[in-house]
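This briefing concerns a predicted model. It takes up nonpolar packing and then charged pairs.

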Amino acid sequence: MTVRKVTAIAGDGIGPEVMESTRRVLEALKVPLELEYQDAGAEVANKYGTNLPNTTVESVMRNGVGLKGPTATGIGGGMQSANVGLRKRLDLFASLRPVKSVPGVKTRYEGVDLIVVRENTEDLYAGIEHIVVPGVVESLKIITEKASTRICKFAFEHAVAQKRKKVSAVHKANIMKLSDGLFLDCFRKVAREFPNIQAEEVIVDNLCMQLVKNPEKYDVLVMENLYGDIVSDLCAGLVGGLGLVPGANIGTGCAVFEAVHGTAPDIAGKGLANPTALLMSTVMMLDWLQHQDDARRLERAIGKVHLEGTARTGDLGGKATTADFTKAVIDAL
Ligand code: NAI
């Protein structure tokens with residue numbers, strides 16, 4: 001059997017801890033995958049003079065697939081985020097974040113099962129900012145017909161593939177009439193090509209209110225970059241927090257799978273991180289690599305550990321360490 005190489009970027013903070021958990025689980029799963037470790041993030045920036053070395057980007061291009069832990073980004077200055085850099089350089093235009101209630105993890109909501117599709121390459125994340133005069137800063141929101149059409153098409157195609165019924169476009173076109181108006185026009189055009197999928201439009205502030213009242217009424221949500229960043233974390237909170245929710249960044253040539261959480265500086269290095277998010281991202285990666293049987297086995301094992309509640313990490317109110325949780329998943333496999 002040929003062994004497929006996957007670029008593994010452990011990242012900063014709790015990244016190496018959740019990546020090690022994932023490595024051990026993949027080993028127990030006996031999938032024909034080999035992790036090719038590469039550097040990125042704040043901790044290696046001094047060594048390379050950049051938080052995203054070329055060798056790392058080239059490795060993902062070569063392997064076509066990456067698995068990534070979180071990387072730290074300075075606030076209000078410093079280098080561009082390694083994440084934003086990776087998404088731009090590999091044109092990983094679609095961020096995919098499935099958010100599903102986890103049986104055994106008690107939250108305020110039940111039956112949440114939605115997918116956030118976020119445009120990854122433009123919007124305010126184009127990072128085009130300048131000082132107009134001292135005390136006045138301009139930050140440009142870039143929205144193009146090409147990227148908006150591409151992400152809406154991706155959302156509808158994903159809805160069809162996942163047997164979903166509805167796609168909701170999230171926007172603020174009542175205020176940003178040109179930029180969000182263009183996004184909405186593209187959504188409407190694409191929606192006409194998918195008559196079997198219900199198309200709905202919802203203003204982003206209303207969506208946030210609806211999500212905390214009745215999250216179960218949403219199916220697939222598609223939106224620009226900034227709204228997607230905020231809404232996907234809100235959605236993670238509906239099902240138990242950032243430690244649980246997986247993510248994928250998908251382009252035409254390659255894909256990078258990563259947890260949605262950050263480096264968790266408050267618990268980093270203590271062995272307390274919940275590895276579920278990166279493990280569930282690994283489930284998504286296995287599906288993408290056509291290892292569906294292994295994906296289901298791993299998904300079931302993680303689900304069993306949560307349902308039985310025998311190895312619950314601190315973020316979910318338990319006392320288990322990352323190693324305890326990892327062992328429980330391996331035992332369940
Ligand atoms: P964060 O996600 O690191 O932490 C928020 C809270 O969630 C903390 O209390 C943390 O302990 C908890 N948490 C997160 N993941 C957890 C896990 N797996 N297990 C248990 N608890 C977990 O967000 P924050 O503090 O806003 O960001 C910290 C750093 O991470 C920043 O430098 C930020 O730029 C970076 N970041 C990186 C991301 C990425 O690489 N994809 C995504 C988000 C933030």
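Valine 117 touches Ser95, Leu96, Ile151, Phe154, Ala155, Val220, Leu221, Val222 and Met223, leaving aside residues up to four places away in sequence. In this predicted model, Val117 is also among the residues with the most contacts inside the largest nonpolar core, together with Val167, Val222 and Val329.

**Nonpolar cores**
- The largest nonpolar core comprises 62 residues, and helix H9 (residues 276-288) gives the most to this core, with seven residues.
- At least three residues of this core come from each of domain 1 (1-93 + 243-333) and domain 2 (108-238).
- Another core, of 25 residues, lies apart from it and includes Val102, Val202, Val231 and Val245.

**Helix H11**
- In helix H11 (residues 322-332), the residues Thr322, Phe325, Thr326, Ala328 and Val329 are buried; seen down the axis, the buried residues of H11 fall within an arc of 160°, so they line one face of the helix.
- These buried residues pack against helix H1 (15-29), H9 and helix H10 (292-308).

**Salt bridges**
- The structure holds 25 salt bridges, one of which joins the side chains of arginine 97 and aspartate 233 at 3.8 Å, N to O; arginine 97 lies in strand E4 (residues 94-100) and aspartate 233 in helix H8 (residues 225-238), 136 residues apart.
- Arginine 97 counts as buried at 8% relative accessibility, whereas aspartate 233 is partly exposed at 34%.
- Lysine 141 and glutamate 224 meet through their side chains at 2.8 Å, N to O, in a salt bridge; lysine 141 is partly exposed at 22% relative accessibility, while glutamate 224 is buried at 2%.

How values were computed: Residues are numbered from 1 along each chain as its sequence is written. This is a predicted model: local features need pLDDT of at least 70, side-chain atom pairs count only at pLDDT 80 or more; totals for chains, interfaces and linings use all residues. Side-chain values use heavy atoms; hydrogens and water are left out. A nonpolar core is a set of buried Ala, Val, Leu, Ile, Met, Phe, Trp, Tyr and Cys residues joined through side-chain atoms within 4.5 Å. Buried means under 20% relative accessible area, exposed over 50%, partly exposed in between (1.4 Å probe, protein chains only). Helices (H or I, at least four residues) and strands (E, at least two) are DSSP runs, numbered from the N terminus. Domain bounds come from an automatic or database domain assignment. Contact means heavy atoms within 4.5 Å. The arc is that of the directions from the helix axis to the C-beta atoms. A salt bridge is a side-chain nitrogen of Lys or Arg within 4 Å of a carboxyl oxygen of Asp or Glu.
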